[in-house]
Number of protein chains: 2
Amino acid sequence: MPSKVRKVSKEAVPARSARLTRGRAAPRKGAKEKWAERRAARREAILAAALDEFAERGFEGARLDDVARRAGIAKGTIYLYFADKETLFQELIRSALSPFVATIEAARSIDLPLRVVCDRLAGAFAREVLGTRRKDIVRLMISEGRRFPKIAKFYYEEVPKRAFAAVRALVRKGIERGEIVDDTLEKFPQLIISPALVAVVWDGLFDKYEPLDAEALLRAHFTLLFKAIERRTP
Amino acid sequence: MPSKVRKVSKEAVPARSARLTRGRAAPRKGAKEKWAERRAARREAILAAALDEFAERGFEGARLDDVARRAGIAKGTIYLYFADKETLFQELIRSALSPFVATIEAARSIDLPLRVVCDRLAGAFAREVLGTRRKDIVRLMISEGRRFPKIAKFYYEEVPKRAFAAVRALVRKGIERGEIVDDTLEKFPQLIISPALVAVVWDGLFDKYEPLDAEALLRAHFTLLFKAIERRTP
DNA sequence: TAATAATGACTGACTAGTCAGTCATTATAT
DNA sequence: ATATAATGACTGACTAGTCAGTCATTATTA
């Protein structure tokens, strides 16, 4: 860890981003719900700043002073929205996961050839995870998960458990339709996503030394995989 | 992070494991080299303690007071062997890697059918990495690597770069021999090891909720993989 | 006894979390 | 409409505690 003297990181500071001051002409709306909206917006701002900070320094290394600076607020304000550092971290993971789970559940019921579903998922993963801050969430889980059993459990229930249930359902359907003949993936659904994990880890660790085309990797993976499992048509 | 008050962790303290005091009757040996030996042994003890501590708490979370306690020495002693915390971490990775690299290099020149080599490597990985503290080194690299570019680069040069060179050599040999017909793995050697990475990450993160038989996973992986790439014998 | 190794109390920089006080906004009274 | 009061979001200086790294002292060895 660059034990350098810590830079005072003025970065990304939208200089005192003002209080929760309304900017737009007030539409028909009770004062109460306007405040609720503003609180929600500020909460989001803190979470966004926290993602930057935690992704950059890890849980222990992250400083709430810097989260506050990134969000353009005072440190005390964070504690009006989150009980403590750990709760902030937990809520960060939780909030990032909820939209993702929906995507997973949706995949279960797609009614297309398995091969097509897989190719679409590969694209979606490259676009929606590797191409966004979500990859940082995955990385944070990998890096910090062991030290936060509660969060790890929550993550397990929300992501791999659901994702693997979806994989199993899709594989079963593929077998019933006669598209594929091998049920290994029902036993080890991990085998379908493992190159995706490699892509997440590789990126930002070795990418500088040997760039990796994640989407091509996933495509190659599925090409090999389907050669192995699909009905042979010689 | 269990923000509990930090337990004073008396754990694993081999109660004052004595100074560098010789225990055994002195054999024929110059005083100089005896000292060198003892220094080396103490160095190892510190590194072992450091592995425990870093693996448990991560780089930022690790306390050198605890490393010292685990090693049964005083904190100041650590500084007689390592310049600072970061150097200790770096040397930990470095020392754990050197024996491992030899294994990788050895694999290149094995002269057996590719399938057999792969099965052996799967077993070796399960035994020598997943079954030992080495998996903690891999995990540490995954977790902390981004924050230590120098160490990440070193790791890259010593492990994936060499390992993938070996994979490429083996694949080429397999093709020349007519054992396999697909060169995807030359382009993406990551595909051969990705389930191993999954196994490392899964273990100690989700293992409690859904145990994973790593060796079975790797065997299933190679079975599928070879179905896809080996010469078809219908 | 001299030289070297080890110790552990200590320092100083750093940070999670607190809280008394400020001030923009909203509600109420005139 | 204007003045006054109430609200509660926000602030930032402060506390209490942590921990990497130092060094004067003590122990061991030759």
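In this predicted model, B:D182 and A:K227 form a salt bridge, with their closest N and O atoms 2.8 Å apart. Between chain B and chain A the count of salt bridges is four. Polar contacts also cross this interface: eleven residue pairs are found, with both residues at pLDDT 80 or more. On the side of chain B that touches chain A, several helices each supply at least two residues, among them α1 (31-61), α8 (160-176) and α11 (214-229).

The contact as a whole takes 59 residues from chain A and 60 residues from chain B. The two chains bury about 5,200 Å² between them, and 66% of that area is on carbon and sulfur atoms.

Aromatic rings come next. Over all chains, the structure holds 22 aromatic pairs. In one of them, the ring centres of A:F206 and B:Y155 are 6.1 Å apart and the planes meet at 10°; an angle under 30 degrees counts as stacked, so this pair is stacked. A:F206 lies in the loop between α10 (190-202) and α11 (214-229) of chain A, while B:Y155 lies in helix α7 (residues 149-158) of chain B, so the pair joins two chains. Both A:F206 and B:Y155 are buried.

B:W202 and B:F206 have ring centres 5.1 Å apart and planes at 75°, so this pair is edge-to-face. These two residues, B:W202 and B:F206, are buried as well. Ring pairs also link them into a cluster with B:Y209, A:Y155, A:Y156 and A:F164.

Charged side chains meet rings too. A:R39 lies over the face of A:Y81, 4.4 Å from the ring centre, and A:K85 lies over the face of A:F59, at 4.8 Å from the ring centre.

Technical notes. Residues are numbered from 1 along each chain as its sequence is written. Chains are lettered from A and ligands numbered from 1 in the order in which they are written. This is a predicted model: local features need pLDDT of at least 70, side-chain atom pairs count only at pLDDT 80 or more; totals for chains, interfaces and linings use all residues. Side-chain values use heavy atoms; hydrogens and water are left out. Rings of Phe, Tyr and Trp (its six-membered ring) pair if their centres lie within 6.5 Å; planes under 30 degrees apart count as stacked, over 60 as edge-to-face and the rest as tilted. Helices (H or I, at least four residues) and strands (E, at least two) are DSSP runs, numbered from the N terminus. Buried means under 20% relative accessible area, exposed over 50%, partly exposed in between (1.4 Å probe, protein chains only). A charge sits over a ring if NZ of Lys or CZ of Arg is within 6 Å of the ring centre and within 35 degrees of the ring normal. Contact means heavy atoms within 4.5 Å. Buried area is the accessible area (1.4 Å probe) that two parts lose on being put together, summed over both. A salt bridge is a side-chain nitrogen of Lys or Arg within 4 Å of a carboxyl oxygen of Asp or Glu. A polar contact is a pair of N or O atoms within 3.5 Å; within protein, one must be able to donate a hydrogen and the other to accept it, and residues adjacent in sequence count only if both atoms are side-chain atoms.
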